[in-house]
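Work through the two exercises below with the structure in view. Each task is followed by its solution.

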Amino acid sequence: MSVQTINLHEVANPPPVPSLLPDTVLDLGVKLEYTDYLPMSERAALVKFQALANYIASAMIFLKSNPLCETELTQDDIKYRLLGHFGTCPGLTLVYSHLNRLIVNDGLKMIYVVGPGHGAPAILANLWIEDSIAPFISEYTRNKSGLSKLIRGFSWPGGFPSHINAEVPGSIHEGGELGYSLAVSYGAVMDKPDLIVCCIIGDGESESGPLAAAWNSHKYVDPAESGAVIPILHANGFKISERTIPGTNDDKELIALFSGYGYQVTIVEDLPVINDQMAAALDWAVSEIKKIQAAARSGTPIIKPRWPMIVLRTPKGFSGPKTLHGEPIEGSFHSHQVPLPEAKTDAVQFDLLKDWLASYHVEQLLTADGKPIEEIQALLPKEAHMRLGQVKETYNGYEPLVLPDWKPLAKTKGSQYSAMRAVGEYIDIAMVNNPKSVRLFSPDELVSNKLDAVFDHTTRDFQWDPETRNKGGRVTEILSEHCCQGWMQGYTLTGRVGIFPSYESFLGIIATMMVQYAKFMKMAKETSWRHAVGSLNYIETSTWTRQEHNGFSHQNPAFIGTVIKIKSAAARIYLPPDANCFLSTIQHCLRSKNYINLMVGSKAPTPVYLSPEEAEAHCVAGASVWKFASIDDGVDPDVVLVGIGVEVTFEVIAAASLLKKKCPSLKVRVVNVTDLMILQPDGEHPHALSDQGFASLFTEDKPVHFNYHGYPTELKGLLFGRPNLDRVTISGYDEEGTTTTPLSMMVLNHTDRWTVASHAIAGAAKTNKFVQLESHLMISELQHMRQKHQEYVYMHGRDPDGLFDTPEF
């Protein structure tokens, strides 16, 4: 049968169609001698270790009772719902067992990051064998009782889920959404010179865009100051019901691909002697890493070093059942999830399950009291902290930053200054103070975003660029938001602090990554043993209000709504109105722990409204009445105007100034909100204002108009539950945009000063008879001014002079 006509339902492990690449490509691969590489006793111990782990993994998927098959197995012993993924488990265990060998032989500090999404049965089995669950969750003891609980409780209410998550010791990555394992691994080793992360990448996962970009991550790791990653592409050929791309690549294609990325590639695939080949491959990988690091640390770095990586070819679900009704299970997609899904009700599948479980001879691998036999335990590191499930960085590595006081950097009240320039100055000092524990991850926008003051004392860290390699740069800048997010996650979860600035419109690229991370952190906080980590810190700038030159594609504040939706315990959203408030906010965020901090601000010079002392008080409160822009200091107002965001707040102040001239009988109170989450009803967010506090700012019954930076529906959702909302109107980004002028952008989205003033007059007319008398005339005049502005813009291509001068009162 030719490979071109293979039916996937008829043949296990269908080979790839040969490529048209020349055979000389194979010379780029690394061929290792592995015949009799391991001592016989060590090989035998590895085989037993793997058999025990594979038994436990399969038992977790199937058994609710009789976990060690000590009596005749019956269908009553099988779980009602069979959940879990066996296909990836044997490969994960193969690698896990060999990492123990490396740790013992070379004294390495290692973390194991697992990309395949549902590999939890294998990892939990290995953690139990090395006794790394019980130190954190006491009931999972390394004996018969603890093993029984583990097997019964897997994918059972109250037990471990079918994928690796924050409840699993040793984990710093959750594979629910595929594609991020490799970037997370590289983030973890940055500034950790003695750490090696072994990252196993599923071949289905490797098809994702984020993973494809992450293969470039080694180019951003300085071997003089950072650790290393051993990537292992697990090419077992299948995903849920289809072949994978790596599974259809021949050796020449894989070697050519990864050689082009900058790796040395060795392929591990000789199944009869797989342990010898894997041992040789991992020893080679560590040796190559040490060569690269030693050269860099001696001051003679290798230029463009080719880091080692491994392609592991094993059959999907190997060691499991071979066939069912003439169709292959092992080596096909049928083993991806539950290989025998009807075992509880189908006699044929049940018999296959019994034979499968019996094939591991678990009775020979455990002592009478249910502990792994001494031969297996001898493979494990003696020191608990060296075991993969107990490396301190994976659960308790955080050290707070030494942060500078922001007030010496404060800007003069009444001046105009870019908040981003001020923040860049602050981050620069923070990096000097914390040379190995804070990094800035940026998608190639630092200079555009006016944050380039960070380069006063550091540089980028791009090892393939002669200008920035081997200089200890604190800025990792790549035009891949996915890599920036993954690096920041790995860096943060191993104890450090990351900052991610971005154009506002493109943070949405990593929205689901951020949500997945927030879920990981929610579960982490619900464990008793994971300690706090630094917050994720996003700086959202180049906002829609000043992207009028780039056009509609660059105008999108939707990431705010994504952060709003995550658990309130983690969500923090700040819209500081000026440079001093942003300085106060960035210091607070870099000190914080366990949050998702989103800071939204402008890169353009804007007014500095508040002194350092006023800014600090304002940020602590989250919102305040701005008396300088209000009538009678905001006492007993006819209407409340609220700005949330830099430019929209400027328009509120401009409207208040305009109203003071045009409608002196109208009493306006101006409020600025810098902490968005204070608006939620009392009790729904840790920062939420009490009803009394809400009324003190917005009154109990007067009309309120919000001029909001984001989508109006977001603000409506936050305010829902507050009393008397029929008095509230909201303007915000209305998905209108084009290439135009700054103030014209505000006009298009009805956040301009004339629209704000019109809302104020319409609201106040309900209770102020003097305003009511003139309301139609004044609103008509305001709308006429608005229209005239647009006509001017279309004629002259710019806003009239003076419209962005700081309003005077």
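A crossing is left-handed if the near helix is turned anticlockwise from the far one by less than a right angle, and right-handed if clockwise. Helices (H or I, at least four residues) are DSSP runs, numbered from the N terminus. The model is predicted, so local features need pLDDT of at least 70 and side-chain atom pairs pLDDT 80 or more, while totals for chains, interfaces and linings use all residues. Residues are numbered from 1 along each chain, and side-chain values use heavy atoms, without hydrogens and water.

**Exercise 1.** Describe how helix 5 and helix 13 pack.

Step 1. Angles under 35 degrees count as roughly parallel, over 145 as roughly antiparallel, 65 to 115 as roughly perpendicular and the rest as oblique. The pair is therefore oblique.

Step 2. Helix 5 passes helix 13 in a right-handed crossing.

**Exercise 2.** Describe how helix 1 and helix 3 pack, and classify the residues in contact.

Step 1. Between helix 1 (residues 40-62) and helix 3 (residues 120-129) the angle is about 125°, and the axes lie 8 Å apart.

Step 2. Helix 1 and helix 3 are therefore oblique to each other, and their crossing is right-handed.

Step 3. Contact means heavy atoms within 4.5 Å. The residues of helix 1 that meet helix 3 include Phe-49, Leu-52 and Ile-56; among their partners in helix 3 are Leu-124, Asn-126 and Trp-128.

Step 4. This contact has 13 nonpolar residues, 1 polar and no charged. Ala, Val, Leu, Ile, Met, Phe, Trp, Tyr, Cys and Pro count as nonpolar, Asp, Glu, Lys and Arg as charged, and the others, Gly among them, as polar.

Terms used
Axes are lines fitted to C-alpha atoms, for helices over the stretch in contact, and angles run from 0 to 180 degrees between N-to-C directions. Helices (H or I, at least four residues) and strands (E, at least two) are DSSP runs, numbered from the N terminus.
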